[in-house]
Amino acid sequence: MSEKPKLRIGLIGSGFMGKAHVFGFATAGKVFDLPYEIELHTLADVTPETAARAARDFGFARSTDDWRKLVADPEIDVIDITAPNALHKEMALAAIAAGKHTYCEKPLAPLAADAREMAEAAEAKGVKTQVGFNYLCNPMLGLARDMIAGGELGEIRGYRGLHAEDYMADASGPFTFRHDPAGGGALADIGSHALATAEYLLGPITEVMGDCITMIGSRPDGKGGTRKVEVDDVGRAFLRFANGAQGSIEGNWIATGRKMQHDFEVYGTRGALAFTQERFNELHFYSTADAPGRRGFRRIEAAPDHAPYGRFCVAAGHQIGFNDLKAIEVAGYLDAIAGRAPEPFNFRAGLGIQTLVETIHRSSREKRWLAVP
Ligand SMILES: NC(=O)c1ccc[n+]([C@@H]2O[C@H](COP(=O)([O-])OP(=O)(O)OC[C@H]3O[C@@H](n4cnc5c(N)ncnc54)[C@H](O)[C@@H]3O)[C@@H](O)[C@H]2O)c1
């Protein structure tokens, strides 16, 4: 019998991310020495049938069509929100008010003002929070950050980041929660990942010049008509970093042919890094210390040397997968709940990304550089 205390999870939503979180909980319990035994307590979704089916498939003991029952249940320790963006604030504030630790998918809330309210509520209540910026959990991003911080690239001059996919490239695709004028758009949806990675690697972004463009002006509303789209299909920004570097990011959901191009390049005085999420178990490193005539990007493959890869696999080059990043995220969050480590990416950090997104949008509207507040 386990001697670990139980941590009971109430999951809201059972779509793409709901399932990824369940994989995360399941794997984390197998590969990390977690401070808790995870219990999948109750799952909430929009109808009793959807919730019951998902609870059965995912291994939750109970289900409900009313997420408020999770918040009110004294047995539940963590409320895990994987519902559409516009619902995050109401759900998270209710969970925090009930004293629950709150795990929420990105983007934290439609507006930075909402994200601020959520971060401040969590801090006032003393509950632990986590936002789902899972790409930051990749051991190869940890390696890149260590190489940059350790000076292996020399002084950092430039950064290029993007997150491009094509899930909105079809103009006949329906209007979804991702098109909601309050907080929707490619920059918020996936450009937020590009911004999180940029700051994870290089530190704070201080100034932005945005260019956010709507390419598909209306979409089927699902009721036989069409609905105007006001949010960006492509959001780009030039960036200035506090460390003196300059660069750019792009969030693009109409990048035909691209499925998961979460990429970056970092240029320093003594070396460079190149990474693509399409091959995310690799990091490419160029060093000016190599002899002339022998220079070129070398491919570093993920290996047990790159923690926590070795938790998943003892052999180099065998690779981890997308859902494993959620397991790493879960393990970091549980360590924070237990007081063993700081929160890896809490609501305050989520507010930082939301503020960047809004500043880029405003810069695009006003057609000028803006300092990040
Ligand atoms: N971190 C990542 O890599 C990543 C990837 C995709 C999506 N996301 C984020 O995850 C969230 C969900 O996106 P998704 O792609 O999983 O969407 P989805 O549509 O696949 O799933 C959403 C789920 O929420 C449920 N839901 C809707 N309203 C609800 C309510 N009132 N009560 C309970 N359940 C409700 C839906 O029925 C569905 O099961 C979004 O915030 C999105 O930005 C993050």
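Predicted model: local features only at pLDDT ≥ 70, side-chain atom pairs only at ≥ 80, totals over all residues.
Author: Of the 373 residues of the protein chain, 48% count as buried.

Reader: What is the secondary structure of the protein chain?
Author: The chain has ten helices and 17 strands.

Reader: What radius of gyration does the chain have, and what would a compact globule have?
Author: The protein chain has 21 Å. A compact globule with 373 residues would have a radius of gyration near 21 Å, so the two agree.

Reader: What box do the C-alpha atoms fill?
Author: Roughly 65 × 55 × 40 Å, taken along the principal axes.

Reader: And the contacts? How many come from residues 24 or more positions apart?
Author: They account for 68% of the contacts with a separation of 6 or more.

Reader: Switching to helix packing. How do H6 and H7 cross?
Author: Helix H6 covers residues 139-149 and helix H7 covers residues 186-202. Their axes come within 8 Å and cross at roughly 40°. That makes H6 oblique to H7.

Reader: Which residues meet there?
Author: From H6, Leu141, Ala144, Arg145 and Ile148. From H7, Thr197, Tyr200, Leu201 and Leu202. By class, this contact of H6 with H7 has six nonpolar, one polar and one charged residues.

Reader: Why would residues three or four places apart in a helix point the same way?
Author: An α-helix has 3.6 residues a turn, so residues with that spacing point the same way.

Reader: Which residues of H6 are buried?
Author: Pro139, Met140, Leu141, Leu143, Ala144 and Ile148.

Reader: What do they pack against?
Author: Two helices, H7 and H8, are among the partners. The strands are E7 (156-164), E13 (261-268), E14 (271-276) and E15 (282-287).

Reader: What comes just after H6?
Author: Gly151, with a positive phi of about 85°.

Reader: Where do Pro107 and Pro308 lie?
Author: Pro107 is in the loop between strand E5 (101-104) and helix H5 (112-125). Pro308 lies in the loop between strand E16 (298-301) and helix H8 (309-312).

Reader: Which residues other than glycine have a positive phi?
Author: Gln319 has phi near 80°. Lys367 has phi near 55°. Most residues other than glycine have a negative phi.

Reader: In which loops are Gln319 and Lys367 found?
Author: Gln319 is found between H8 and helix H9 (322-337). Lys367 is found between helix H10 (347-366) and strand E17 (370-371).

Reader: Why does Gln319 count as partly exposed?
Author: Because Gln319 has 16 C-beta neighbours inside 10 Å. A residue is buried at 20 or more and exposed at 12 or fewer.

Reader: And Lys367, buried or exposed?
Author: Lys367 is exposed, with 9 other C-beta atoms within 10 Å.

Methods: Residues numbered from 1 in each chain as written. Helix = DSSP H or I, 4+ residues; strand = E, 2+ residues; numbered from the N terminus. Rg over C-alpha atoms; globule rule 2.2 N^0.38 Å. Contact = placed C-beta atoms within 7 Å. Axes fitted to C-alpha atoms, helices over the stretch in contact; angles between N-to-C directions. Parallel < 35°, antiparallel > 145°, perpendicular 65-115°, else oblique. Nonpolar A, V, L, I, M, F, W, Y, C, P; charged D, E, K, R; others polar.
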